[in-house]
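Reader: I want to know what stands behind the terms used for this model. Please take me through them.
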Amino acid sequence: MVSMLRKQEELLSKIASGNGHGENSPYFDGWKAYETDPYHPTENPNGVIQMGLAENQLCFDLVQDWLLSNPEASICTAEGVNYFRDIAIFQDYHGLPKFRNAVANFMAKVRGNKVKYDPDRIVMSGGATGAHETVAFCLADPGEAFLVPTPYYAGFDRDLRWRTGVQLFPVVCDSSNNFEITREAVEAAYEKAQEDNIRIKGLLLTNPSNPLGTYLDRETLRSLVSFINEKNIHLVCDEIYAATVFMGQPDFISISEIIEEDIHCNRNLIHIVYSLSKDMGFPGFRVGIIYSYNDKVVSCARKMSSFGLVSSQTQHLIASMLSDDEFVDRFITESAKRLAERHRDFTWGLSQMGISCLKSNAGLFFWMDLRHLLKEQTYDGEMELWKVIINEVKLNVSPGSSFHCANPGWFRVCFANMDDETMNIALSRIRSFMSKYKEAKMPVKKLCWQRSLRLSTSFRRLDDTPCMSPQSPLVRART
């Protein structure tokens, strides 16, 4: 049997027969747990609540109102059917001019109109995933690497490495300084890569950060631009959360703003990845954008975009929507307000239970600190606690180890992909969990597991016993 499977695998490519996608991680295991037992307020009220999906669903009412007021924006309505033929026929990979103009203007507006973007440098891609892979193909060869500060988005291991053969080399940032990126840490990682004979081709930043929910200040950005210029390596800035900065916080600073300052910078080294998945809440539209200041990268990326274009129907709709300045202004303002309110309500509720979070000011998630609940300060301890949260609390939160966090016990919690009622149910479950945690310190108390959950083979299966033993991570947790 084994021999037969091996022969079958030999008929396939290494990509098809390998596991480079990274699906065997707790990040994706949490999604599988949700998919097999999804929460629904009436049909499955005891199911798993999805808190591992960074999605902005707080302003769909504004979008729906606009669609009802602008039916001609869709070629599938009576009002817009006259545009059907022109949109349905072949479009080249440059994209509709009105789409590129609208996206360029939107990018500027999101960044406070402090910088302008050239529509001719807008390159389409199938979401930020496709954009990142395309940039990696343009900048590095197999075996070469990008420096990436930790913790970083779990999907980067798939997006940048799987098909390109490119490596990611960690810049270790930890809780001792709230995971801030320092020039010293970047220098140390670069030198370590040199010692390991790994050629570094660039530095990848996510700003605002996923999973931290923080964004970089001006001095840090200037320092990092200086670093990449000195080393003559590329700087790729993922700015897909640019419009998620909470109301009342300092303005987001784009890398575009930094290179407009009077500092020495080789613009050929600067590249931006953007999308409408987070800022507008449209991940299903797969609108990814590459904006490079390097002409050759723009040319190559545009040719490669043939493998992942945005449909002309989507371009047509998005161009109409983003060209409505009144709607865009209202959406950006209201989204920032609602994100701030939801973040405040959720984190305040957690604080009342003795759970703290990293201070954040942007994003669709917060970085929750559960180190005090670990039975031991190790990744094994983190995984045991995570399994309890998935299995008993029925919340899909993502463990820090899946983001390559240097310190066990941190979890990413997404808060913008649910309504207020679901948020309150999630808080209620956590409250019950914390109450049981405190009671679990008493030897007479046992916590009953509701059901056993089978996770991927890369991690130990859950205990099949019906009740939590005295050796569970809750009973043995440190105070």
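Author: Contact means heavy atoms within 4.5 Å. The model is predicted: local features need pLDDT of at least 70, side-chain atom pairs count only at pLDDT 80 or more, and totals for chains, interfaces and linings use all residues. Residues are numbered from 1 along each chain as its sequence is written, and side-chain values use heavy atoms, with hydrogens and water left out.

Reader: What do the buried residues of α10 pack against?
Author: They pack against β3 (145-149), α9 (183-195), β5 (200-206), β6 (234-238), α11 (255-260) and β7 (270-275). Helices (H or I, at least four residues) and strands (E, at least two) are DSSP runs, numbered from the N terminus.

Reader: Which residues of α10 are called buried?
Author: Thr220, Leu221, Leu224, Val225, Phe227, Ile228 and Asn229. Buried means under 20% relative accessible area (1.4 Å probe, protein chains only).

Reader: Why does the span of α10 agree with its 14 residues?
Author: The expected span is 1.5 Å times one less than the number of residues. For residues 218-231 that should be 20 Å, and the end C-alpha atoms are 20 Å apart, so the two agree.

Reader: What comes just after α10?
Author: Asn232, with a positive phi of about 55°.

Reader: What makes the lining of the largest cavity nonpolar by class?
Author: Ala, Val, Leu, Ile, Met, Phe, Trp, Tyr, Cys and Pro count as nonpolar. The lining has 15 such residues, with no polar and no charged ones. Met368, Leu370, Ile389, Leu395 and Ile430 lie nearest the centre of the cavity. A lining residue has an atom within 4 Å of a cavity point, on a 1 Å grid where a 1.4 Å probe fits but cannot get out.

Notes: Buried < 20%, exposed > 50% of the residue type's maximum accessible area, 1.4 Å probe, protein only. 1 Å grid on protein atoms, 1.4 Å probe; cavity = no way out; pocket = protein on both sides within 12 Å on 5 of 7 lines; lining within 4 Å.
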